[in-house]
Amino acid sequence: MADFARGPAAEPGPDTGTEARSRSGARRGAGSGTGFGGGAGFGEGASRRSRSRNGGSPSSSRAEQGEPRDPVEQARNICLRLLTGTPRTRKQLADALRKREIPDEVAEEVLSRFEDVGLIDDARFADSWVESRHHGRGLARRALARELRTKGVDSAVIDEAVGNLDSAQEEETARELVARKLRSTRGLDRDKRLRRLAGMLARKGYGEGMALRVVRQALEAEGEDTEGLDEPY
């Protein structure tokens with residue numbers, strides 16, 4: 001068995017080693033010609049062939065994979081992206097489409113379709129806005145209406161939404177705001193406290209009469225003399 005294993009392997013012909021080296025060199029040459037380090041290497045050659053197939057520029061490939069060229073599809077994609085996680089009014093979306101140079105007739109078509117399926121609902125937006133901003137920021141009806149107007153909500157829709165916030169709830173919120181701010185005004189004279197507290201309410205949209213009444217009652221509860229505090233501030 002030992003002789004059989006050694007026989008053919010131990011007795012190569014005179015040119016076998018040369019041929020083996022030649023074949024090995026040919027294989028190495030072929031490998032280097034298409035490998036990462038050769039002059040016509042795989043990376044460079046494939047890159048050139050890829051650029052040739054894609055029109056000679058990587059940007060052309062990105063353009064093909066980008067937004068659709070159909071304006072309707074572009075408008076739909078823009079609106080869907082903007083509506084993801086954040087409700088928007090019809091006007092907000094229309095403004096965004098105009099900035100992206102979507103034709104007006106296309107924008108109108110897409111926005112109307114979104115309204116039909118309930119993806120745009122200005123009335124629901126206004127109701128949610130009033131609920132959130134009143135309880136979260138303490139804004140009164142006047143300030144809430146002003147914010148909704150800047151978002152393009154129709155006046156009739158605004159009136160209905162802010163009308164859901166009644167005067168009793170509005171005044172209760174004003175009292176809570178004053179109570180939270182009252183401590184930071186201690187040590188100031190009465191008139192300065194009045195101006196600071198009433199001014200805070202005014203910035204949140206509360207009317208002068210309600211603001212003075214709520215502040216006067218809060219100061220009275222602390223033992224302040226409120227005579228003359230019914231005067232406009």
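Biologist: Among contacts in the protein between residues at least 6 apart in sequence, what percentage join residues at least 24 apart?

Modeller: The share is 57%, where contact means heavy atoms within 4.5 Å. This is a predicted model, in which local features need pLDDT of at least 70 and side-chain atom pairs count only at pLDDT 80 or more, while totals for chains, interfaces and linings use all residues. Residues are numbered from 1 along each chain as its sequence is written, and side-chain values use heavy atoms, with hydrogens and water left out.

Biologist: How many helices and how many strands does the protein have?

Modeller: There are 13 helices and 0 strands, counted as DSSP runs numbered from the N terminus (helices are H or I, at least four residues; strands are E, at least two).

Biologist: Why does Lys-204 count as buried?

Modeller: Buried means under 20% relative accessible area, exposed over 50%, and partly exposed in between (1.4 Å probe, protein chains only). Lys-204 has 18% relative accessibility, so Lys-204 counts as buried, although this residue lies in the loop between helix 12 and helix 13. Leaving aside residues up to four places away in sequence, Lys-204 touches Arg-137, Gly-138, Leu-139, Ala-140, Ala-143 and Leu-177.

Biologist: Why is helix 11 called oblique to helix 12?

Modeller: Helix 11 and helix 12 pack at an angle of about 135°, with their axes 10 Å apart. Axes here are lines fitted to C-alpha atoms, for helices over the stretch in contact, and angles run from 0 to 180 degrees between N-to-C directions. The cut-offs are under 35 degrees for roughly parallel, over 145 for roughly antiparallel, 65 to 115 for roughly perpendicular, and oblique for the rest. That is why helix 11 is oblique to helix 12.

Biologist: Which residues make this contact, and how do they divide by class?

Modeller: Helix 11 contributes Ala-174, Leu-177, Val-178, Lys-181 and Leu-182, and helix 12 contributes Arg-193, Arg-196, Leu-197, Met-200 and Leu-201. The residues divide into 7 nonpolar, no polar and 3 charged, where Ala, Val, Leu, Ile, Met, Phe, Trp, Tyr, Cys and Pro count as nonpolar, Asp, Glu, Lys and Arg as charged, and the others, Gly among them, as polar.

Biologist: What makes a group of residues a nonpolar core, and how many residues has the largest one here?

Modeller: A nonpolar core is a set of buried Ala, Val, Leu, Ile, Met, Phe, Trp, Tyr and Cys residues joined through side-chain atoms within 4.5 Å. The largest has 18 residues, and those with the most contacts inside it include Ala-174, Leu-182, Leu-201 and Tyr-206. Helix 11 (167-182), helix 12 (190-203) and helix 13 (208-221) each supply at least two residues of this core, with helix 13 giving the most, 7 residues. Apart from this core lies another, of 14 residues, among them Ala-75, Leu-97, Leu-111 and Ile-120.

Biologist: How much of the protein is buried?

Modeller: Buried residues make up 30% of the 233 residues in the protein.
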